[in-house]
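Here is a short report on one protein model.

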Amino acid sequence: MNSTKDIYQNLSDINTNTPYDDVFRTLLVDCTRFIIPIINEVFGEHYTGEETIIHHSDYHFIQGVNERKTKIESDSNITLIGIDSKHYHFECQSNSDGTMIVRMFEYDSQIAIEHGIVEGNVFEVEFPHSAVLYLRHNKNTPDYYTIKIKAGTKSLSYAIPVLKVQQYGIEELFEKRLYFLIPFHIFTYEKEFKQINNNTEKMENLRKIYEQICKKLELEYNRGNISGYERNTVIDLSVSVVRSIARKYETIRKEIGEYMGGKVLNYPTKEIYNRAKEEGLKEGLKEGLKEGLKEGLKEGKKEGLKEGEEKGLREGHQEGRSIEMSNIIAVIRKKLIKGMTIEDITDLLEMDFEYVSRVANLIIENPQKSDLEIAKIICKIDEQ
């Protein structure tokens, strides 16, 4: 049994922020809707994925046992709005260090206070639905933590479930659409790194696993389950995690990092634009031919094809421009969520102030619209 004071003393010697926390937060901002299947998996919910997610500040200030006010940063603090509204809090943890349960209570209590309601002489707080995402686990890693609170003669307790990333295979990740966990899948093979790094056959098997992941991501993209931007983000962050966790294993870092990195380079915005233009052209030619046949087989076909081609090129260009613009909008949205001003974003991105301001206002005025929908609004306005 350890006292909270002892744990606080240990906390001062622990750096709780890791590269994997940054990957987690990037996923939450850039691929926000990917957290919904995680919530379903952990809490047994049945969200459809169409719900609205609101990000709140991850920074909290607490009064420690040493009477010093300290700023702490949680990995997530969101509200999901569907039929009802619920607060959720996830922490990404690479190892169990004995402080997790105390830190979870710190974060949960601060989030509860921030969302609390005062009515007369009554202060009502609601603790968030919280969970820990463990990248590594062993036989001593619990399935859940329990926090007990005593107030006078009464007491209550609540459970904090634990999700263990290494328990999920590739098929299950895609079957349940747990795309959020894919960048961390490399942890499953971490204990075998030494053998893999020095064995050509084992290295080839690991490479085939990541080839399979890339193929499945491409299939999900073609099915419309994920966007091109989301696909690229998952691959890019997978590379970041591999390069960090396998920093001592050159062969793994090189083979998997370069293979996945090459996949990102093969998916530039230009390709997305060309694909949209090609699809628009095909549709335009199809429609043009159909209309042309109605007017007369020979002349109608000629005119229809011309009109269809023009329509296809025009719509393809519009769609391609919208997709390209949505990537920029995603960056601006991310910076706004982090609390940056329009002036700061303009300086950072070296873009026109009026354009950034215009995008920011549309994001604020239309919080439920996606980056692509915002881009289409801008394109439509520009054409008028």
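The notes below go through the model topic by topic.

This is a predicted model, in which local features need pLDDT of at least 70, side-chain atom pairs count only at pLDDT 80 or more, and totals for chains, interfaces and linings use all residues. Residues are numbered from 1 along each chain as its sequence is written, and side-chain values use heavy atoms, with hydrogens and water left out.

## Salt bridges

The structure holds 14 salt bridges. The criterion is a side-chain nitrogen of Lys or Arg within 4 Å of a carboxyl oxygen of Asp or Glu. In general, side chains of opposite charge can pair when their charged atoms come close. The table lists examples.

| Acidic residue | Basic residue | N to O distance |
| Glutamate 211 | Arginine 207 | 3.5 Å |
| Glutamate 218 | Arginine 231 | 2.9 Å |
| Glutamate 220 | Arginine 223 | 3.3 Å |

Take glutamate 211 and arginine 207. Both lie in helix α7 (residues 200-222). They are four residues apart, about one turn of the helix. Helices here are DSSP runs (H or I, at least four residues), strands are runs of E (at least two), and both are numbered from the N terminus. Glutamate 211 is partly exposed, with a relative accessible area of 21%. Arginine 207 is partly exposed too, at 22%. The classes are: buried under 20% relative accessible area, exposed over 50%, partly exposed in between (1.4 Å probe, protein chains only).

Glutamate 218 is buried, at 17% relative accessible area. Arginine 231 is buried as well, at 1%.

The third pair in the table joins two classes. Glutamate 220 is buried, with a relative accessible area of 6%. Arginine 223 counts as exposed, at 55%.

Elsewhere, salt bridges form a network. Asp22, Arg25 and Asp75 are linked in this way.

## Surface patches

Patches are made of residues with over 30% relative accessible area and no salt bridge; like charges are joined within 9 Å, and nonpolar side chains (Val, Leu, Ile, Met, Phe, Trp, Tyr) within 5 Å. Accessible areas come from the Shrake-Rupley method with a 1.4 Å probe, and for residues only the protein chains shown count as cover.

Glu343, Asp344, Asp347 and Glu350 form a negative surface patch. The place of a charge is NZ of Lys, CZ of Arg, CG of Asp or CD of Glu. Aspartate 344 sits in helix α12 (residues 342-349). Aspartate 344 is partly exposed, with 40% relative accessible area.

A nonpolar patch is formed by Ile113, Val118, Phe123 and Val125. Together they have about 370 Å² of accessible area. Isoleucine 113 belongs to helix α4 (residues 100-114). Isoleucine 113 is partly exposed, at 45%.

## Cysteines

How many disulfides does the structure hold? The count is zero, where a disulfide is a pair of cysteine sulfur atoms within 2.5 Å. Cysteine 92 is buried, with a relative accessible area of 3%. Cysteine 379 is buried at 5%.

## Single residues

Most residues other than glycine have a negative phi. Arginine 177 has a positive phi of about 60 degrees although it is not a glycine. Arginine 177 lies in the loop between α5 (170-175) and α6 (193-197). Its relative accessible area is 40%, partly exposed.

Threonine 48 is in the loop between α3 (35-43) and β1 (52-55). Threonine 48 is exposed, at 61%. Its C-alpha atom is separated by 8.1 Å from that of isoleucine 36, twelve residues apart along the chain.

Valine 132 belongs to strand β8 (residues 129-134). Is valine 132 buried or exposed? At 0% relative accessibility, valine 132 counts as buried. The C-alpha atoms of valine 132 and tyrosine 145 are separated by 9.0 Å, the two residues being 13 residues apart along the chain.

Threonine 251 is placed in helix α9 (residues 250-265). Threonine 251 is partly exposed, at 31%. Threonine 251 and threonine 200 are 51 residues apart along the chain, with their C-alpha atoms separated by 9.5 Å.

Key. Lys, Arg positive; Asp, Glu negative; His and termini not counted.
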